[in-house]
Amino acid sequence: MAGALLALAVLLAVGLGTLRVPPAVTLAAIGKGLTGKAASLGALERIVWEVRLPRVVAGALVGASLGASGAATQGLFRNPLADPYLLGVASGAALGATAAGLVLGHGGGAEFGAGAFGPAFAFAGGLGAVLLTLAVARAGPRATNDSLVLAGVVVSSILTAATAYLVLRDGERLRAVVSWTLGNLALAGWAEARGLLPYALAGVATLFAQGRALDALQLGDDTAYTLGVRVRPTRLAVIAGASLATGAAIAHVGSVGFVGLIAPHVMRRLGAASHRPLIVASALGGGALLVLADLGARTLARPSELPVGVIMTLVGGPFFLWLLRRGRP
């Protein structure tokens with residue numbers, strides 16, 4: 001079902017806009033592009049293949065990275081409210097990517113970009129942020145899920161402030177940087193999609209490989225250990241996989257919130273119970289969610305565009321409050 005939802009979202013996002021493109025034209029353009037016949041594309045087909053489709057593919061990869069990371073993070077910490085943002089991964093990744101873009105002076109097609117070093121800096125920043133969150137949570141008398149989330153909020157706030165400081169240092173590109181930090185797919189092309197693909201695949205594959213261990217961890221660390229799960233390596237692998245996938249996504253398109261919170265909850269209610277199918281379903285569902293959010297970002301305020309991060313915040317904020325009100329996943 002998640003795969004069908006993603007396919008439908010892609011067709012809608014590619015076909016709808018200022019100029020409507022029939023589904024038959026969309027499929028024909030994709031077929032010609034994939035078979036190396038791009039030179040024979042018509043006018044509408046060229047819009048599909050060269051403008052809309054790469055943006056949609058980049059959005060799907062970002063959504064898949066964040067959705068899978070959210071599912072694994074929730075399982076790792078046995079906390080249905082956990083996602084890469086609440087635990088500091090996203091804030092750390094944003095700081096790392098901003099440092100690569102501003103301090104090292106890299107530029108991109110969107111007037112601001114993290115450059116070739118962006119994913120590496122974002123990965124390092126995201127991983128460091130999670131480790132700092134774990135250290136802060138364990139500094140108290142007891143390390144609980146609540147203290148972990150609160151520590152993540154504190155660490156995220158500090159790292160967000162550091163990112164804002166770096167942003168404000170570059171007044172000439174301030175508008176472009178702010179747009180990027182809100183999450184923006186406006187100028188995502190095939191280069192961004194190709195750059196995201198290996199990181200997304202590696203990150204999601206790492207998380208998928210830990211799916212059975214995550215199932216065992218739901219019974220508690222001691223029980224998981226008796227079942228043969230190497231608890232500490234599993235935690236490190238999940239943290240590394242989530243940091244890699246989230247960091248690369250943020251390095252390429254900026255911060256996009258709530259995907260990693262919403263997608264796993266929706267997929268659980270659609271029947272994905274154990275973590276391997278849940279991680280795959282959350283990746284597909286997260287991709288569909290972000291593609292549809294980006295469709296709204298470029299059509300709701302035409303002829304202007306909104307950052308996709310704004311749309312996700314408007315959707316995710318009420319969803320998060322609903323989860324808190326219900327008091328359970």
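**View 1. Phe-258 sits in the loop between α11 and α12.** Phe-258 has a positive phi of about 75 degrees, although it is not a glycine. Most residues other than glycine have a negative phi. Helices (H or I, at least four residues) and strands (E, at least two) are DSSP runs, numbered from the N terminus. The model is a predicted one: local features need pLDDT of at least 70, side-chain atom pairs count only at pLDDT 80 or more, and totals for chains, interfaces and linings use all residues. Residues are numbered from 1 along each chain as its sequence is written, and side-chain values use heavy atoms, with hydrogens and water left out.

**View 2. The protein chain has 14 helices and 0 strands.** Buried residues make up 51% of its 329 residues. Here buried means under 20% relative accessible area, exposed means over 50%, and partly exposed lies in between (1.4 Å probe, protein chains only). Among contacts (heavy atoms within 4.5 Å) with a separation of 6 or more, 75% join residues 24 or more positions apart. The accessible surface comes to about 14,700 Å². Carbon and sulfur atoms hold 66% of that surface. Accessible areas come from the Shrake-Rupley method with a 1.4 Å probe; for residues, only the protein chains shown count as cover.

**View 3. Helix α8 bends by about 30 degrees at Leu-197.** The bend is the angle between axes fitted to the seven residues ending there and the seven starting there. A proline, Pro-198, follows within four residues. Helix α8 covers residues 190-209, 20 residues in total. From its first C-alpha to its last, α8 reaches 28 Å, close to the 28 Å expected at 1.5 Å a residue. That expected span is 1.5 Å times one less than the number of residues. Ala-193, Leu-196, Ala-200, Gly-203, Val-204 and Leu-207 are the buried residues of α8. They pack against α3 (43-77), α9 (211-217), α11 (231-253) and α13 (275-299).

**View 4. Arg-78 pairs with Asp-221 in a salt bridge (3.5 Å, N to O).** The two lie 143 residues apart, Asp-221 in helix α10 (residues 221-226) and Arg-78 in the loop between α3 and α4. A salt bridge is a side-chain nitrogen of Lys or Arg within 4 Å of a carboxyl oxygen of Asp or Glu. Arg-78 is partly exposed, at 34% relative accessibility. Asp-221 is also partly exposed, with a relative accessible area of 28%. Arg-78 has a positive phi of about 50 degrees, although it is not a glycine.

**View 5. Arg-55, Asp-294 and Glu-305 are linked in a network of salt bridges.** The side chains of Asp-294 and Arg-55 meet at 2.7 Å, N to O. Asp-294 lies in helix α13 and Arg-55 in helix α3, so the pair ties together parts 239 residues apart in sequence. Asp-294 is buried, with a relative accessible area of 4%. Arg-55 is buried too, at 7%.

**View 6. Glu-45 forms a salt bridge with Lys-32.** The closest N and O atoms are 3.1 Å apart. Glu-45 lies in helix α3 and Lys-32 in helix α2 (residues 23-34), so the pair ties together parts 13 residues apart in sequence. Glu-45 is buried, at 12% relative accessible area, whereas Lys-32 is partly exposed, at 24%. The structure holds 6 salt bridges.
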